[in-house]
Each structure stands twice: as structure tokens, then as C-alpha cells.
Amino acid sequence: MRTAYRTKLGRLIHGKAEEAFGTLRRYEGKVDLVFTSPPFPLNRKKKYGNLQGQAYIDWLADFAPKLRALLKPRGSIVMEVGNAWEPGRPVMSTLSLRALLSFLDTGRLVLCQQFIYNNPSRLPGPAQWVTVERIRVKDSYSHLWWMSPRDRPKATNRRILQPYSVAMERLFKTRKYNSGARPSEHHIGKTSFFRRHKGAIPSNVITLANTENASSYMKYCRENKLTPHPARMPVGLAEFFINFLTKPGDLVLDPFAGSNTTGAAAEALKRHWISIESDKVYVDGSYGRFVKDA
Ligand SMILES: C[S@@+](CC[C@H](N)C(=O)[O-])C[C@H]1O[C@@H](n2cnc3c(N)ncnc32)[C@H](O)[C@@H]1O
């Protein structure tokens, strides 16, 4: 267990999260956001090795009370988990769902909201079912589960407003639309739609392409002959939740940091951060995210 590197606002610990928690006691009650993508519950072993079945569920659930203890009372945990399939069968695994329920119970947490991260540039897969037999469609999203000890953790969607759509901009100009009742039972008033705010409120489906080939991270990995992390998330995804659930000066923790996307996003947004990663190659590569003009 050692600090692999420090930046102005954070540090990356090289080691296993379960062991690193012992050294993090002084942060109890101080973390604003845990943002992480744990090793996925694959039913076959991936490069970084995963537990399987009930062992995975128990392993993940064991983190819940530990992470809860680190959180501020109005802090949040956001966990990204991808879809998994039963080995050799065109059938989805429910392991991640069972892991979520067990994590919520063990940590005495509530599920504040579910998000979908849709990656339109994902290659068609699982290949056998999607491109060979053509009996399933492309699997292009992962889940993000936003959890907290409280029903009302610190959050504001005012910090994550998005540009208005072309259709909405047209509406602002023409000021023509049908007011009244909608099939959804929403009632649209005569003027409510014309009020321009600072941007549109985002939905819980986040669409971002994960194409990072030209980034300083990839360049650094290439130049130092380090294998890039195979399951990186886009920086924009981490930025979305960091902006939504924390403010500058807050503390963000990622116990399964991989290429340290979370730390890099936190640093750029002026939040303090602590990341933990067990694989030395990914630790070394992640430093590239902080090297200017790598
Ligand atoms: C899905 S990846 C995270 C990817 C990351 N979000 C990114 O954008 O690069 C999960 C990471 O957890 C690491 N890992 C697995 N078990 C761990 C443990 N016990 N403690 C710390 N890290 C672990 C793996 O090496 C892997 O890099």
C-alpha cells in the first residue's frame, strides 16, 4: 500500500481497496462523493480478475458500510455497472441487480435515482448473439446507481444544465405550441414553456461517445509502453456526477480507479480526490492524465 503519486488536489493509492480503507479512517464523515466503477460481475474472468456469483455479491456488499462510514451525512455513492451475460447463453445475468440490492441493504442506503450511460460508439456485442446469430441487439449502455444514506443528499441540477435542443430553441423563437393537457396527464400552461432558463435540465439517460484515442492519457501510455485500461469511462461521465453532487473544495473518492478518470475529472473541477487502484500498470498509466502535453 503506497501513494503512487500526488497532485495539487489529490493522490492515488496503489493497493487493494479493502486494505486501503484501514489507512483512510481519518476521512470518516468527510467524503462528499464516492464515484466508482467496480470490477464488473462477469461470469468469466476478465483481465483484472473478478469474483463470480455469490462471492462477488458478498465482496461488493462488504464495501457498503465502509463507504457509508466515509461519507458526509448528505454524501452520495454513484456506482457504474455494465451488463453481463450468462456464459455461452443469450441470456442476461442478474448478478449485477442482486449485487445492487445486497449493497443497498448492507449499507442501509437508499437508491436516489438510476441513470443509464449510453455509448453510441460501442461495438456490436455480445458478438455471437448480435452479429452472428442476429438474435439480440447491440448492448450499448451501463447502469449508474446513485445511492445515499439520506433521501435528500446534496445535489443540484443547476450545475449540469445542458444547451437547449434545436426544437426548443425554435419554440423560444416561434412561441407556438399546443398548451393544455397531455396524454401523460401533465398540464402545459400557456406561457410556461417560453421562459428561458440557463439551460435544459438533463435526463437520466446520459449519451456520450467513449472515444479517447487522441487523449494525453493514450499518448502517455503509448510512449511509456503501458497497456491502456480496457474499461475506461469517459471523463464527461465523471464530470457530470461531480458537478451534480459536489461543489469546488469537496472530496471525491474512487476505490476502483482504473485509469483514474475520476481523479482527473475532480482535479479539473477543483475538487479534492483520493483514488485507489490495485493494478500497477493501470496506476502507472493513469499518471498520464496529469502530465501536461504528454
Ligand atoms: C471497471 S475498472 C475502473 C475503470 C475506471 N472507471 C476508468 O475510467 O478507468 C475497475 C478497476 O478496479 C480495479 N480493482 C479490482 N479489484 C480491486 C481492489 N480490490 N481494489 C482496488 N482496485 C481494484 C481493477 O484493476 C480495475 O482497474
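1. Start in a loop. Arg134 sits between helix 4 and strand 6 (141-148). Its phi is near 60°. That is a positive value, and Arg134 is a residue other than glycine. Keep in mind that this is a predicted model.

2. Now look at the other end of helix 4. Pro126 lies in the loop between strand 5 (110-118) and helix 4 (127-132). The peptide bond from Gly125 to Pro126 is cis. Its omega is near 0°. Find this bond in the model and check the backbone there.

3. Next, a pair of helices. Helix 2 covers residues 53-70, and helix 3 covers residues 95-107. The two pack at an angle of about 35°. Their axes are 8 Å apart. The crossing is right-handed.

4. Which residues of helix 2 and helix 3 meet? Helix 2 brings Gly53, Tyr56, Ile57, Leu60, Ala61, Phe63, Ala64, Pro65, Leu67 and Arg68. Helix 3 brings Leu95, Arg98, Ala99, Ser102, Phe103, Thr106 and Gly107. Sorted by class, this contact has eleven nonpolar, four polar and two charged residues.

5. On to the ligand. There are 23 residues around the ligand. Ala17, His229, Ser259, Thr261 and Glu277 come nearest. By class, the shell holds eleven nonpolar, seven polar and five charged residues.

6. Which residues place polar atoms by the ligand's oxygen atoms? Thr261 is one of them: a polar side-chain atom lies 2.5 Å from a ligand oxygen. Glu277 is another, with a side-chain N or O atom 2.6 Å from an oxygen atom of the ligand. Met233 uses its backbone instead: a polar atom there is 2.9 Å from a ligand oxygen.

7. Is the ligand buried or exposed? Taken alone, the ligand exposes 610 Å². The protein buries 97% of that.

Technical notes
Residues numbered from 1 in each chain as written. Predicted model: local features only at pLDDT ≥ 70, side-chain atom pairs only at ≥ 80, totals over all residues. Heavy atoms only, no water. Near = heavy atom within 4 Å. Polar contact = N/O pair within 3.5 Å; in protein donor to acceptor, adjacent residues only side chain to side chain. Areas by Shrake-Rupley, 256 points an atom, 1.4 Å probe, with all protein chains shown as cover. Nonpolar A, V, L, I, M, F, W, Y, C, P; charged D, E, K, R; others polar. Axes fitted to C-alpha atoms, helices over the stretch in contact; angles between N-to-C directions. Helix = DSSP H or I, 4+ residues; strand = E, 2+ residues; numbered from the N terminus. Left-handed = near helix turned anticlockwise from the far one by under 90°. Contact = heavy atoms within 4.5 Å.
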